[in-house]
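Work through the exercises below with the model open. Try each task before reading its solution.

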Amino acid sequence: MKTKQLKIEMLALMALAFLTLAYHANAQEKTKAQPNFLVIVADDMGFSDMGAYGGEINTPNLDRLAQEGTRYTNYYVAPTCSPTRAMFMTGMDNHLVGMGNMYERTAPNQIDEPGYEGYLRRDFPTIAEILKENGYHTYMAGKWHLGKSKEHLPRARGFEHSFSMLSGSGDYFSFRGPDDHIEKNHFSEDGKYLEKLPKKYYATTTFTNKIIDYIDSNKGDGRPFFAYLAHQAPHDPLAVPNNWLRKYEGVFDKGWDVLRDERMERMIELGILQEKVELGERLWYVPGFDDLKPLTQTVVARKMEVYAAVLDYMDMEIGRLIKYLEDNNLKDNTHIIFFSDNGPETANKADTYKKYPATNKANWMAKTYTHGYQNWGRKGSYTAYGPSWAQVSAAPFNGVKATVFEGGIRSPLVIVSPNSKERGAINSSALMHVKDIPVTMLELANIDHKKYEMQGKSWVSTIEGSESSPRTNQDYIASELFGNMSVRKGVWKILKMAEPYGNGDWQLYNLENDPGERRDLAKDYPEKVKELALVWDEYASTNNVILPNRSSYDGLKDKLPPRPPVYDDKFPRGSETVPEIDENNK
């Protein structure tokens with residue numbers, strides 16, 4: 001009897017051992033099947049700012065990611081930040097999910113309309129909510145800009161842990177807000193509003209500290225994570241710690257015209273561009289750098305020095321985060337995605353308010369921030385690099401943030417994936433969009449994305465190399481903000497920009513031959529314009545587009561210098577010169 005009992009006990013122990021091994025094997029397989037995700041978003045960074053895309057700014061950590069993964073050159077976002085973030089969060093068009101316009105810029109005819117609430121609607125699940133439901137840890141640190149009330153904070157939208165700046169911008173060192181209507185900026189952590197910031201707060205460092213702490217808090221429990229690091233850098237007001245202030249002294253003394261040309265040459269060398277193209281035209285109200293007096297050149301170059309330092313510092317902190325993942329054996333099972341939320345910013349509130357010194361806004365700006373050459377980039381200063389340098393960041397494209405030109409809506413995209421066999425590749429075939437990211441993440445995590453309403457297209461086959469693009473030439477990408485509209489289908493693109501940046505009519509460009517959007521072909525190919533205009537109508541109808549009856553472009557034509565009908569940076573050519581006198585023509 002004892003022998004029989006012993007056999008039973010041994011069989012039970014063997015069964016238990018087998019089940020334990022099976023459980024751990026299944027857990028390991030599930031962990032393998034459900035990878036980690038790290039999404040890093042820069043704020044207002046231009047297409048060619050980082051070294052791996054042709055920039056002269058020191059970005060060794062982003063460049064390393066580019067060499068470990070794939071760079072994509074046809075990736076699209078919205079013209080400004082919060083619409084882009086809304087699409088990244090939901091996989092749906094921004095006009096459907098509450099960000100049909102930025103909260104700050106909502107037009108009178110859009111207020112109280114569904115899709116134009118100015119915050120992320122709760123009837124569309126976020127990628128954080130979905131992943132959390134499926135066993136993921138979810139973390140967020142950085143700029144939120146998708147709603148400030150309790151029910152719209154990151155904690156309420158699926159993030160287990162979060163530290164967020166809720167506004168669109170603000171001081172890098174303190175609570176100082178971006179404008180007189182937000183004198184004190186708003187922050188939250190894990191669903192609670194903050195009255196104190198962490199010691200030695202500097203946005204780029206603190207955001208990185210937080211995301212590392214959140215990942216570290218659960219790293220040993222076997223569950224995968226989704227970490228969203230939304231940097232404020234390099235959005236204005238630009239500021240860095242004092243020991244970074246002079247790092248780029250003299251680097252930009254060649255000026256914006258030469259530096260744009262040099263960036264294009266490097267893009268060709270790197271393979272970002274296949275051949276030399278015409279750069280997007282220099283903004284008509286920006287003078288040639290060589291036309292400025294030497295002292296003025298030195299002063300304006302200082303702004304780009306500060307911008308570069310802010311971006312370089314962000315790169316350093318990204319490197320610290322990547323090293324943490326490597327040191328803790330987390331990187332090999334992590335998909336890393338890096339991009340910018342929109343094109344570079346031209347506006348400079350400090351300069352704008354100087355033109356209206358008697359206003360409350362000007363008074364607030366003067367008393368809240370320090371100004372002037374000696375203060376630029378320092379703690380408490382308001383520094384923005386303006387349109388002259390923004391067009392360098394956008395090279396080789398035309399346009400900047402808040403426009404639907406390529407410089408406003410085409411972003412660098414770097415993906416490092418455990419599923420990819422290629423290292424250092426450049427994909428110029430894939431037509432991609434920010435609302436593709438949630439669908440892609442769900443497929444990579446083996447979660448059925450068809451259960452959720454999403455418009456994006458999965459990148460998995462493209463990442464793994466079996467397809468060159470998630471879209472065919474019959475698919476399109478469209479955008480609208482502030483009444484400016486665009487549609488891209490294949491190599492063709494139509495756009496309609498308010499004056500003076502556009503002519504108020506549809507313009508047509510072949511982006512394969514003219515990525516700088518220099519030659520409007522609307523009159524040459526009227527049928528193509530009609531075809532794409534019908535596509536626009538379909539997009540607008542499907543996605544709840546309500547064109548604004550007021551926008552930031554109202555009156556702009558009268559505030560800027562008249563735009564010449566033909567662009568030529570060598571006009572006027574100056575007076576006729578006399579030939580050198582020699583013995584034959586005295």
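**Exercise 1. An aromatic pair**

Is Tyr53 buried or exposed? Then describe the ring pair that Tyr53 forms with Phe47.

Solution. The model is a predicted one. Start with accessibility. Tyr53 has 0% relative accessibility. The cut-off for buried is under 20%, so Tyr53 counts as buried. Next, take the partner. Phe47 is at 4% relative accessibility and therefore also counts as buried.

Now the geometry. A pair of aromatic rings is described by the distance of the centres and the angle of the planes. For Phe47 and Tyr53, the centres are 5.2 Å apart and the planes stand at 80°. Angles over 60 degrees count as edge-to-face, and the pair of Phe47 and Tyr53 is edge-to-face.

Finally, widen the view. The whole structure holds 37 aromatic pairs. Ring pairs also link a cluster made of Tyr75, Phe88, Trp144, Phe159, Phe226, Tyr228, Phe339 and Trp459.

**Exercise 2. Two helices in contact**

At roughly what angle do the axes of α6 and α10 cross? Which residues make the contact?

Solution. Locate the helices first. Helix α6 spans residues 256-270, and helix α10 spans residues 386-393. Their axes come within 9 Å and cross at roughly 10°. Angles under 35 degrees count as roughly parallel, so α6 is roughly parallel to α10.

Then list the contact. Helix α6 contributes Trp256, Leu259, Arg260 and Arg263. Helix α10 contributes Ser388, Trp389, Gln391, Val392 and Ser393. Sort these by class: the contact has four nonpolar, three polar and two charged residues.

**Exercise 3. A lysine in a hairpin**

Where is Lys489 placed, and which residue is its bridge partner?

Solution. Lys489 belongs to strand β15, residues 484-489. Its bridge partner is Tyr476. Strand β14, residues 476-481, runs antiparallel to β15. Six bridges join the two strands.

Check the cover next. In β14, five of the six residues are buried. Lys489 has a relative accessible area of 17%. That value is under 20%, so Lys489 is buried. Leaving out residues up to four places away in sequence, Lys489 touches Asn473, Gln474, Asp475, Tyr476, Glu531 and Leu532.

End at the turn. The hairpin has two residues between the strands, and Phe482 takes a positive phi near 60° there.

**Exercise 4. Backbone exceptions**

Which residues are joined by a cis peptide bond with omega of about -5°? What is the phi of Asp190, and what is that of Ala402?

Solution. Take the cis bonds one by one.

- Ala233 and Pro234 are joined by a cis peptide bond with omega of about -5°. Pro234 sits in the loop between β9 (225-230) and α6.
- Glu499 and Pro500 are joined by a cis peptide bond with omega of about 5°. Pro500 sits in the loop between β16 (492-496) and β17 (507-510).

Now turn to phi. Asp190 is not a glycine, yet its phi is positive, about 50°. The residue lies in the loop between β7 (187-189) and β8 (192-193). At 24% relative accessibility, Asp190 counts as partly exposed.

Ala402 also has a positive phi, near 75°. Its place is the loop between α10 and α11 (406-409). Ala402 has a relative accessible area of 17%, so it is buried.

How values were computed. Residues are numbered from 1 along each chain as its sequence is written. This is a predicted model: local features need pLDDT of at least 70, side-chain atom pairs count only at pLDDT 80 or more; totals for chains, interfaces and linings use all residues. Side-chain values use heavy atoms; hydrogens and water are left out. Axes are lines fitted to C-alpha atoms, for helices over the stretch in contact, and angles run from 0 to 180 degrees between N-to-C directions. Helices (H or I, at least four residues) and strands (E, at least two) are DSSP runs, numbered from the N terminus. Angles under 35 degrees count as roughly parallel, over 145 as roughly antiparallel, 65 to 115 as roughly perpendicular and the rest as oblique. Contact means heavy atoms within 4.5 Å. Ala, Val, Leu, Ile, Met, Phe, Trp, Tyr, Cys and Pro count as nonpolar, Asp, Glu, Lys and Arg as charged, and the others, Gly among them, as polar. Buried means under 20% relative accessible area, exposed over 50%, partly exposed in between (1.4 Å probe, protein chains only). Two strands pair if DSSP finds at least two bridges between them. Rings of Phe, Tyr and Trp (its six-membered ring) pair if their centres lie within 6.5 Å; planes under 30 degrees apart count as stacked, over 60 as edge-to-face and the rest as tilted.
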